[in-house]
Amino acid sequence: MFKKYKMIILEFWEFFKYSKRYWLMPIVVILFLVSVVLITTESSVIAPYIYAMF
Amino acid sequence: MYILGISCYFHDSAACLIKDGNVIAAVQEERFSRVKNDSTFPVNAVEYSLKEAGITINDVDYVVYYDKPLQTFERILLSYMTVAPIGLSSWVKVLPLWLKYKLFIQDEINKEINYEGEVLFTEHHESHAASAFYPSPFDEAAIITIDGVGEWATASYGYGKGSELTFLKELHYPDSVGLLYSAFTYFTGFKVNSGEYKMMGLAPYGKPRFKEIILKEIIDLKEDGSIRLNQAYFDFLGGGHMTNNKFAELFEGPKRQLDSKITQREMDIAASIQAVVEEIVLKMAKHVAQETKLKNLCIAGGVALNCVANGKILSSGIFENIWIQPAAGDAGGALGAALSVWYRFLGNTRTNPNGNDTQKGSYLGPSFSNDEVKEFLNSNSSKYHELPKADRSRIIAEQIANNKMVGYFSGRSEFGPRALGARSIIGDPRKLETQQTINNKIKLRESFRPLAPTVLEEKASEYFDIEKPSPYMLLVADTAKGKRLTQKDEDGISIQGRLNQNRSDVPAVTHVDYSARVQTINSNTNPGYYGIVKEFEKLTGCAVIVNTSFNIRGMPIVNTIEDAYDCFVRSELDVLVLEDCILYKEEQLSVTPKIDDIIGSKAKPKTIAKDNLKDVRKFGIGAFIIFGLLFSLGVYTGKAFPIYFFGFLTSLGVGFVLLPQKMFVVYKVWMKFAKFIGKNINFLILSFVYYFVVTPLALAKLVFGGRPLPTKPDKEIASYWKLRAESAQSKERFFKRF
């Protein structure tokens, strides 16, 4: 999973160099951090255990 | 070499398999899933395509996706930044899909079809352009693509020569002819992405009295056909509704609600936007002809399904010849992407087609043998007759001439939204009531919907004002003067009243404005279907039959023998032709239960699958470890709550492992609860990001560089067309998601 995210962030960086919209990079990085949380909280592996504690 | 093209996740997902540049199979997922305009991953379409070629996924050399997800994602981000802080409700729905699936299309392809090789990417409009040019009958042609939106482009033009595509200019989001048309589709009370045909069919009932308002207020149309939408009237940037209250004020009140009565206002609005779109498309065509100086034109993209506008381009004489991709919408992107890899990425030479297209009549979907038909009918105890080869066409034509409505299922199914004589309902065009019977009793759809004619190619100009073949039913032409009947003034007459007018010698296929969406047929493309029309002509003197898609309202066109039979028994079709077998409704006794049996046999078993029990055990092991540790921590610290609470959860974990069958219900409830909590947590996280990251950045952008997307017309500039950074994507970029 780490490799997958690393690859797409690098590809986004390459893309923003191409489209000259570097300023969008922070938002993309934040969104990927969010996506890790989203996937973690929705994943059937960890999520159901977490909810039981709340 | 095999190349598999895939289009999905927006609308009309499809798969296309080509071998050494020849199309082996192309089909939409909706035909299998039975969900109209299905956008999910086309797993069934891929499975069928591989089966048709007799190969497995391991034999496929390249898989290509028809869009560049990173560019599309950038466009979506900037779209939200243009309207933030408005747009949250759409943001929380859209973002998870992108972050989980759409950006990681390679993983999805790997997961869904077990493909582990290289995934390539073509640009959305490159896919459309390739689907228009490479199968066309031209060695050299101008190309126009127009749709709602791809990545950034909403329209593009360029030209194709041999194996090469050259793109000259693009129109960028949010300025979109497709979205403009969809906005009016929404406002007139039809569904976006599927109701556009309905609005087009409604237009001839109205008067274009809003045309000037649209051109003055809603869009800025330049002489070269480029447009800018005035976003003050639209709401789609933030992913909400297509239009807003200000839009409604221009058109005398709120939008029509779905399925409520259609009034003259909606007809006039439909006529107005249709007239505007025709003007835009004609201006574009004229501009492209001037820029490319070519005599042939290829068109694709969703707007290319506007056959009225296509007919206007042809009759205008701007181009000598035009060819429109039959699957002009996103489904055709799968075909274009695959062909683009073959010609552009791999550098193969395209032989001069010398005036013959390579679309194979668009009969690119599944077919069934006579043996399969008989096996089905026998197992279903249906009464049928085998059609002798020599008399097949005559017998079917006799049924049509006797005013019977025939479901016709023969050969490979069509790729694209039009039924072309493989999955068609056919009838007698000379009887006015055919139109009402098919709409009201068979297809169960709006009565105003026009029916299309299939005419013998050699007789087409006798019945319609059309000089060129129209094999894919993508051109609208007027009924020939000699076939028209004198008409009374129809001002103030209701839709029904106007439908009841006999307008021509073929009234069932003559629309209220005398237009018809013509399909010409010749003996080479589909000899069986041609034979029926020819026999009908011998019997009646009329070289035209009614051809409409074999489906009922809201359902995709039938795909299999079962689908066709189901539609036959549930509608008022009189006759069903399944390959060389014919069934008469009056001979069928009790057929519905059999279909129910078939559906029932496909229903999921109620026993718990082994995999599910495995999941429960896995979950139990996790629960035992995690809650066991927390329980131990409670014991270590001597706190009562963790001891009892986590002790209970740990014992549940043991239960999941030891008694998975009995604990399955508890597991399901637990998971449902988890999902519910998860959704709410996700909503909060995404809202936080939207208000505390996206909105401030959008404000900063507004202060220092203006809005990310244009929202108002610019009267100072002469054109909204944008030059491309490169004439076509480079070979290296096929590997990139941008």
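## Charged and polar pairs

Four salt bridges are counted between chain B and chain A in this predicted model. In one salt bridge between these chains, the side chain of Lys736(B) meets that of Glu14(A), with 3.2 Å from N to O. Six residue pairs are found in polar contact across the interface of chain B and chain A, with both residues of each pair at pLDDT 80 or more.

## Elements and residue classes on the chain B side

Five helices of chain B each supply at least two residues of the side that touches chain A: helix H3 (69–83), helix H4 (88–100), helix H22 (610–637), helix H23 (640–658) and helix H24 (664–705). The most is given by H24(B), with 14 residues. By class, the residues on this side of chain B comprise 31 nonpolar, four polar and nine charged.

## Extent of the interface

In total, 44 residues of chain B are in contact with 32 residues of chain A. The size of an interface is often expressed as the accessible area lost when the parts come together. Chain B and chain A bury about 3,500 Å² between them, and 78% of this area lies on carbon and sulfur atoms. Within chain B, the residues that lose the most area to chain A are Glu74(B), Leu99(B) and Phe738(B), which together account for 16% of what that side buries.

## Domains of chain B

The domain assignment divides chain B into domain 1 (172–323), domain 2 (370–602) and domain 3 (610–660). Taken over C-alpha atoms, the centres of domain 2 and domain 3 of chain B are separated by 63 Å.

Conventions. Residues are numbered from 1 along each chain as its sequence is written. Chains are lettered from A and ligands numbered from 1 in the order in which they are written. This is a predicted model: local features need pLDDT of at least 70, side-chain atom pairs count only at pLDDT 80 or more; totals for chains, interfaces and linings use all residues. Side-chain values use heavy atoms; hydrogens and water are left out. Contact means heavy atoms within 4.5 Å. Buried area is the accessible area (1.4 Å probe) that two parts lose on being put together, summed over both. A polar contact is a pair of N or O atoms within 3.5 Å; within protein, one must be able to donate a hydrogen and the other to accept it, and residues adjacent in sequence count only if both atoms are side-chain atoms. Helices (H or I, at least four residues) and strands (E, at least two) are DSSP runs, numbered from the N terminus. Ala, Val, Leu, Ile, Met, Phe, Trp, Tyr, Cys and Pro count as nonpolar, Asp, Glu, Lys and Arg as charged, and the others, Gly among them, as polar. Domain bounds come from an automatic or database domain assignment.
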